[in-house]
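Open the model in your viewer and keep the selection tool at hand.

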Amino acid sequence: MTAPPDDCLARNEWICGEYLSTRRHILLDAVGQHLQLTAISVLIGLAVALPLAVVARRWGWAAGPVLAVTTVLYTIPSLAMFSLLLPVYGLSATLVVAGLVLYSLTLLVRNILAGLRAVPEETRQAARGMGYGPIRLLLTVELPLALPAAMAGLRIATVSAVSLVTVGAIVGFGGLGNLIYAGMNTYFKAQVLTASVLCVVIAIVADLLLLFVQRLITPWTRAVRG
């Protein structure tokens, strides 16, 4: 009778410390790519969503088209989205970033716009009475008061991006998704579980960090709750 293998890799176990020690560099590279793709996508999405939300707030007629377009983009399945962008960006990391940016717009635009709309009109009138122009009003009054809603959207968009990055494995740029995809094809249990757990950890840590930043930059919300 053949004796069972004496290490968890040979036995193909789900939980395997040997996998962590022998594939450390592979895991670190995958985590690095995952974080990079997520951060770049969310930051670009925020840079695009902010002016769109401001335009939708300033000119009411623009709100409908802006929200409609971003909502339609969010309903496109991820595989279809990447396929549609493939002729433009090819098999590249830019393809994944572009798809994630488009997905983030719905969450970011809606929340930023909701925050801007929630600013009391009397506050705007008071600022105008003190000589605030449109840009100064936006930067020093409206956007600060819209921060809680905007940060809520940013948190959701970031967690969603962490999840959607894994789909980029179909073009070879999926961060931890590459390991999950390869592990599922070969039924490499430790790799699938480890990469999946790391995705969850990244999402939780990112959400907690953004929550901390939100509380740090909006101290008045704590005072109101208190």
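Helices and strands here are runs of residues assigned by DSSP, at least four residues long for a helix and at least two for a strand, and they are numbered from the N terminus. The model is predicted.

**Stop 1: the whole chain.** Show the protein chain as a cartoon. Its secondary structure comes to 11 helices and 0 strands. The chain has a radius of gyration of 22 Å, well over the 17 Å that the globule rule gives for 226 residues, so it is more spread out than a compact globule. Along the principal axes, the C-alpha trace spans about 90 × 45 × 25 Å. Of the 226 residues, 40% are buried. Among contacts between residues at least 6 apart in sequence, 72% join residues at least 24 apart.

**Stop 2: the core.** Select Ala49, Ile112, Leu116 and Leu154. These are the residues with the most contacts inside the largest nonpolar core, which has 24 residues. Helices H3 (24-58), H4 (60-75), H6 (93-117) and H8 (134-165) each supply at least two residues of this core. The largest share, 8 residues, comes from H8.

Now centre on Ile112. Which residues does Ile112 touch, not counting those up to four places away in sequence? They are Leu46, Ala49, Leu50, Ala53, Ala146 and Ala150.

**Stop 3: the largest pocket.** Select Thr38, Ala39, Thr158, Ala206 and Leu210. Of the 14 residues that line the largest pocket, these are the closest to its centre. The pocket holds about 230 Å³ of space. Colour H3, H8 and helix H10 (189-217), the elements that give two or more residues to the lining of this pocket. H3 gives the most, with 6 residues. By class, the lining has 12 nonpolar, 2 polar and no charged residues.

**Stop 4: the cavity.** Rolling a probe the size of a water molecule over the atoms shows where empty space is left. How many cavities of 30 Å³ or more does the structure hold? It holds 1. About 40 Å³ of space lies in the largest cavity.

To find the largest cavity, select its lining: Tyr74, Leu100, Tyr103, Ser104, Leu107, Ala157, Ser160, Ala161 and Leu164. H6 and H8 are the elements that give two or more residues to this lining. The lining residues divide into 7 nonpolar, 2 polar and no charged.

**Last view.** Leave H8 coloured. H8 supplies residues to the core, to the lining of the largest pocket and to the lining of the largest cavity.

Technical notes:
Residues are numbered from 1 along each chain as its sequence is written. This is a predicted model: local features need pLDDT of at least 70, side-chain atom pairs count only at pLDDT 80 or more; totals for chains, interfaces and linings use all residues. Side-chain values use heavy atoms; hydrogens and water are left out. A nonpolar core is a set of buried Ala, Val, Leu, Ile, Met, Phe, Trp, Tyr and Cys residues joined through side-chain atoms within 4.5 Å. Buried means under 20% relative accessible area, exposed over 50%, partly exposed in between (1.4 Å probe, protein chains only). Contact means heavy atoms within 4.5 Å. On a 1 Å grid over the protein atoms alone, a cavity is a set of points where a 1.4 Å probe fits but cannot get out, and a pocket is an open set with protein on both sides within 12 Å along at least five of seven lines; lining residues have an atom within 4 Å of a point. Grid points are joined across faces, edges and corners, and a volume is the space filled by probe spheres set on the points. Ala, Val, Leu, Ile, Met, Phe, Trp, Tyr, Cys and Pro count as nonpolar, Asp, Glu, Lys and Arg as charged, and the others, Gly among them, as polar. The radius of gyration is taken over C-alpha atoms; the globule rule is 2.2 Å times the number of residues to the power 0.38.
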